[in-house]
Amino acid sequence: MSQRFFLTVKQKGYHPIVSPKNSELRFITLERIVLVDEEDHKEDSEGQEVELTILGGRCNINVSESLKWENLGSRPNVFEGRATAAYIPRETSYCVKANGSVDILKVMAPTNQKTKAFLVRPEDVKVRSVGALNWRRDVFTLIGQESPSTRLIVGETLNPPGCWSSYPPHKHDIDNPPYEAKLEEVYFFLMQPANGFGVQILYTDSGAKLSSSEAYVIRNESVVVIPGGYHPVVAAPGYRLYYFWALAGERKDFTYSDDPQHRWLKSVEPIVGILRP
């Protein structure tokens, strides 16, 4: 089995994190760009579609010398505001230049289709409060099913201390339309305070008949690759947990299946939803 858990450290410059070269991923590549003192980073997307999420700081992004987005980014960090994100189509050159400093996650997926570049501003982010009690969390969709990307679906989740997400557990590892689509996924975690931790669980099947199970202690800047199976995550009491998530597959179809052993929780959410921890 290939490596699924990665520890990263924030460092100045451009840093690959996970890709099909070092994991079970087939489509997703995740990288990080940290620029300071007006530095810039230039690339060509080649055969990939690219999404850039600003974790914190400000920057300018020029696309193919004809499209300029200036002074992007409105939050100092992921716990203080909604994201700004940029989508770059395949076969497109672009340049990111820091306005002071900027921290960016870059996610890519191969595509044969060329669409148009677009920007997601904080007011464009779709926000949902999901779950109830100690499985309540806030979900922020940056690139959704309806967005003009070809494969990528991207967003962020914030767990309050002690709360679960991706819960009830769900999966998307079988191509069974219209009930489930096969999508791989990657999570990038940050904690507040930074010395906090959480737990990521990966398992297949359900209940007492587990065919496989894994658990990882996730800390600040951990990354988990999710090739398939159910994948709930929980924040330790006393610590807020953030994770960036990106999905991709043969088809762009975010259809998933809940674990039948735990699906009943969704039916009680409207009843207990007013009782928040």
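User: How many residues line the largest pocket, and which of them lie nearest its centre?

Analyst: The model is a predicted one. In it, 28 residues line the largest pocket, and those nearest its centre are Arg128, Val139, His170, Phe254 and Tyr256. The space in this pocket comes to about 520 Å³. Two or more lining residues come from each of these elements: strands E10 (126-130), E11 (137-143), E12 (153-159), E15 (184-192) and E20 (240-248), together with helix H1 (265-272). Sorted by class, the lining of the largest pocket holds eleven nonpolar, nine polar and eight charged residues.

The second largest pocket can be described in the same terms. Its volume is about 260 Å³. Its lining has 20 residues, and Lys10, Arg32, Pro76, Asn77 and Asp103 are the ones nearest the centre. Strands E3 (29-36), E5 (48-63), E8 (93-110) and E15 each supply two or more residues to this lining. E3 gives the most, with four residues. By class, the lining of the second largest pocket divides into ten nonpolar, six polar and four charged residues.

Aromatic contacts are the remaining topic. A pair of aromatic rings is described by the distance of the centres and the angle of the planes. Nine aromatic pairs are found when the whole structure is searched. In one of them, the ring centres of phenylalanine 5 and tyrosine 216 are 5.3 Å apart with the planes at 5°, so this pair is stacked. The two residues lie 211 residues apart in the chain, phenylalanine 5 in strand E1 (residues 5-7) and tyrosine 216 in strand E17 (residues 212-219), and the pair links these distant parts. Tyrosine 216 has a relative accessible area of 16%, and because buried means under 20%, this residue is buried.

Another pair joins tyrosine 87 and phenylalanine 118; the centres are 4.8 Å apart and the planes stand at 15°, so this pair too is stacked. Tyrosine 87 is buried at 1% relative accessibility, and phenylalanine 118 is buried with a relative accessible area of 16%. Elsewhere, ring pairs link Tyr187, Phe189 and Tyr243 into a cluster.

Terms used: Residues are numbered from 1 along each chain as its sequence is written. This is a predicted model: local features need pLDDT of at least 70, side-chain atom pairs count only at pLDDT 80 or more; totals for chains, interfaces and linings use all residues. Side-chain values use heavy atoms; hydrogens and water are left out. Rings of Phe, Tyr and Trp (its six-membered ring) pair if their centres lie within 6.5 Å; planes under 30 degrees apart count as stacked, over 60 as edge-to-face and the rest as tilted. Buried means under 20% relative accessible area, exposed over 50%, partly exposed in between (1.4 Å probe, protein chains only). On a 1 Å grid over the protein atoms alone, a cavity is a set of points where a 1.4 Å probe fits but cannot get out, and a pocket is an open set with protein on both sides within 12 Å along at least five of seven lines; lining residues have an atom within 4 Å of a point. Grid points are joined across faces, edges and corners, and a volume is the space filled by probe spheres set on the points. Ala, Val, Leu, Ile, Met, Phe, Trp, Tyr, Cys and Pro count as nonpolar, Asp, Glu, Lys and Arg as charged, and the others, Gly among them, as polar.
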